[in-house]
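This report describes one protein chain for a reader who is new to structural description. Please keep the sequence and the structure in view while reading.

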Amino acid sequence: MPEIALQREQFLRDGYVIVRDVVPADQLVSLCSMVDEIVEREHDLNPEFSASSVPRLDLAARVDADMLDLVRFPLHENTMGLSSRLLDCSPSTIALSALSVLCNPEFDPDTPLGPGQPEGTDPRNWHRDIRPDHDGPLSVLLDDLEANGPAYSQWNIALCDEAILHLIPGSHRRLNSGLEADQLKRHGGAQMPLPGEIAADLKAGDGVVYNSMLLHWANQYTKQKRRTIHLGYRTFGKALPNHNCCGLPERICSFFPDDSPERQALAHGFALYRDESMVIGDVFRALLTGDREKFSAGVTRLHLGGEGRLTCVILLSKVARNLFEFSKSDDGKYVPGDSTVSYNVQLKRQMQRSFDAAEIQQVCERFQPLDRMLRTGVSEYVGGFLGTRTDYVFEQLPAAVTEKSVMAAIFPG
Ligand SMILES: O=C(O)CCC(=O)C(=O)O
Ligand SMILES: [Fe+2]
């Protein structure tokens with residue numbers, strides 16, 4: 001079998017692939033020194049970053065025009081190209097969604113707090129990159145994955161040797177096992193090895209590409225130098241992934257000349273997000289006017305396969321909620337000169353120009369019957385997830401909640 005077929009098989013089955021020498025050898029030193037420069041600058045400017053036990057930085061918001069290799073790298077065949085093949089999508093339907101770096105603390109950190117704190121879950125606890133309140137129940141995301149394959153891939157690419165990220169192969173396709181659930185419930189259980197875990201043992205230049213629904217944890221953060229490039233890619237039109245926001249600022253396009261392939265690739269990615277946002281706007285409008293046909297037509301544009309479409313509808317209710325929260329906190333005005341704001345924020349501001357505050361609230365209200373179906377009324381934290389306590393279902397959506405029952409609840413009569 002060709003290597004790519006094996007890698008794809010492993011990505012689907014085990015949920016991860018370790019890729020040696022993702023960073024072209026002649027770029028390793030220069031990428032590392034660019035990242036070092038950004039990290040040092042941050043230490044000078046930001047005491048909070050220096051005080052963090054799990055420091056990470058949004059590189060896309062911080063790169064300069066003289067650090068173009070740092071932006072070129074995530075567009076490379078080894079990263080974006082391989083992602084599109086693992087996600088089984090054409091290069092014209094994939095976009096880079098995040099470019100950041102995971103670093104070491106400058107001190108030996110204390111034992112981390114357990115999971116499910118009011119401020120969220122520390123990545124040194126076992127978790128899936130799923131927040132039940134923001135993303136929906138795990139079972140719903142699993143259904144979509146089984147029906148349509150993955151629509152999002154995440155990378156950790158080490159610029160210094162490391163074996164920090166640990167994961168359980170295959171756990172992205174199932175609920176927590178009884179044994180896992182029992183251990184994660186116990187005090188300190190989220191910070192101990194789980195059966196079947198493997199370490200992503202990376203030499204400088206190697207990467208691991210993974211499905212972030214996997215159970216994973218960072219088993220140590222120490223003073224030892226860590227510079228790990230963290231990337232996200234998503235597809236469009238196949239299925240709406242729970243990681244559906246663009247964390248990049250549009251300004252990174254402007255670093256490259258108009259007709260350069262880098263500029264075109266980046267601009268194409270932003271256009272995919274913008275077009276999707278317009279479809280989402282149409283879906284919200286259809287909800288306001290009670291037009292079930294238009295609503296379904298919009299959902300079909302976001303989520304091609306019929307199966308797993310409930311996931312898309314649930315995620316749209318989360319997008320609406322997120323927009324509502326944003327509209328309450330944002331006055332809609334651009335901060336002058338803030339070119340680092342993510343494209344996701346820009347799109348939300350655009351959405352606010354199409355929908356006034358009352359309409360955004362109405363969209364959320366129209367999703368209320370669905371929202372109620374996703375809640376138990378009892379707040380809890382279940383091990384293996386990001387976020388904090390919530391009454392949203394963590395794992396198994398009741399069987400009575402189906403696409404049909406949800407559509408009937410949203411469009412009564
Ligand atoms: O430090 C790490 O490698 C863990 C990061 C992580 O869990 C994440 O970004 O989702
Ligand atoms: Fe994570």
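## Terms and conventions

A residue is called buried if 20 or more other C-beta atoms lie within 10 Å of its own, exposed if 12 or fewer do, and partly exposed in between, with C-beta atoms placed from the backbone. Helices (H or I, at least four residues) and strands (E, at least two) are DSSP runs, numbered from the N terminus.

The model is a predicted one, in which local features need pLDDT of at least 70 and side-chain atom pairs count only at pLDDT 80 or more, while totals for chains, interfaces and linings use all residues. Residues are numbered from 1 along each chain as its sequence is written, and chains are lettered from A and ligands numbered from 1 in the order in which they are written.

How many of the eleven residues of helix H1 are buried? The number is one, so H1 (residues 3–13) lies largely in the open. Just after H1 comes Gly15, with a positive phi of about 85°.

## The chain as a whole

The chain contains 14 helices and 13 strands. Along the principal axes, its C-alpha atoms fill a box of roughly 65 × 55 × 50 Å. The radius of gyration is taken over C-alpha atoms, and the globule rule is 2.2 Å times the number of residues to the power 0.38. For 413 residues a compact globule would have a radius of gyration near 22 Å, and the 21 Å of the chain agrees with this.

Of the 413 residues, 42% count as buried. Two residues are in contact if their C-beta atoms, placed from the backbone, lie within 7 Å. Among contacts between residues at least 6 apart in sequence, 83% join residues at least 24 apart.

## Two domains

The domain bounds come from an automatic or database domain assignment. This assignment gives domain 1 (3–268) and domain 2 (273–410). Their centres, taken over C-alpha atoms, are separated by 24 Å. In domain 1, 50 residues are in contact with 37 residues of domain 2.

Which elements supply at least two residues each to the side of domain 1 that touches domain 2? They are strand S4 (127–128), helix H6 (132–135), helix H7 (138–148) and helix H8 (178–185). H7 gives the most to this side, with eight residues. The residues of this side of domain 1 divide into 24 nonpolar, 14 polar and twelve charged. Here Ala, Val, Leu, Ile, Met, Phe, Trp, Tyr, Cys and Pro count as nonpolar, Asp, Glu, Lys and Arg as charged, and the others, Gly among them, as polar.

## An enclosed strand

Is strand S5 (residues 152–158) largely enclosed or largely in the open? Seven of its seven residues are buried, so S5 is largely enclosed by the rest of the structure. In a regular strand the side chains alternate between the two faces of the sheet. Tyr152, Gln154, Asn156 and Ala158 point one way from S5, while Ser153, Trp155 and Ile157 point the other way.

Two strands pair if DSSP finds at least two bridges between them. S5 is joined by seven bridges to strand S10 (residues 227–235), and the two run antiparallel; Ile157 stands opposite Ile229 in S10. Four bridges join S5 to strand S8 (residues 207–210), also in an antiparallel arrangement. Within S8, Val208 is the bridge partner of Asn156.

## The surroundings of the ligand

A residue is near a molecule if its C-beta atom, placed from the backbone, lies within 6 Å of it. Ligand 1 is surrounded by Leu102, Pro123, Asp129, Asn156, Ile164, Leu165, Ser212, His216, Ala218 and His230. The residues of this shell divide into five nonpolar, four polar and one charged.

## Partly exposed residues

Asp21 lies in the loop between strand S1 (16–19) and H2. Its phi is near 50°, a positive value in a residue other than glycine, and with 13 C-beta neighbours inside 10 Å Asp21 counts as partly exposed. Asp88, in the loop between helix H5 (77–86) and strand S3 (94–103), has a phi near 55°, again a positive value in a residue other than glycine. Asp88 is partly exposed, with 15 other C-beta atoms within 10 Å.

Glu37 is found in helix H2 (residues 28–45) and is partly exposed, with 15 other C-beta atoms within 10 Å. Lys185, in helix H8, has 14 C-beta neighbours inside 10 Å and counts as partly exposed.
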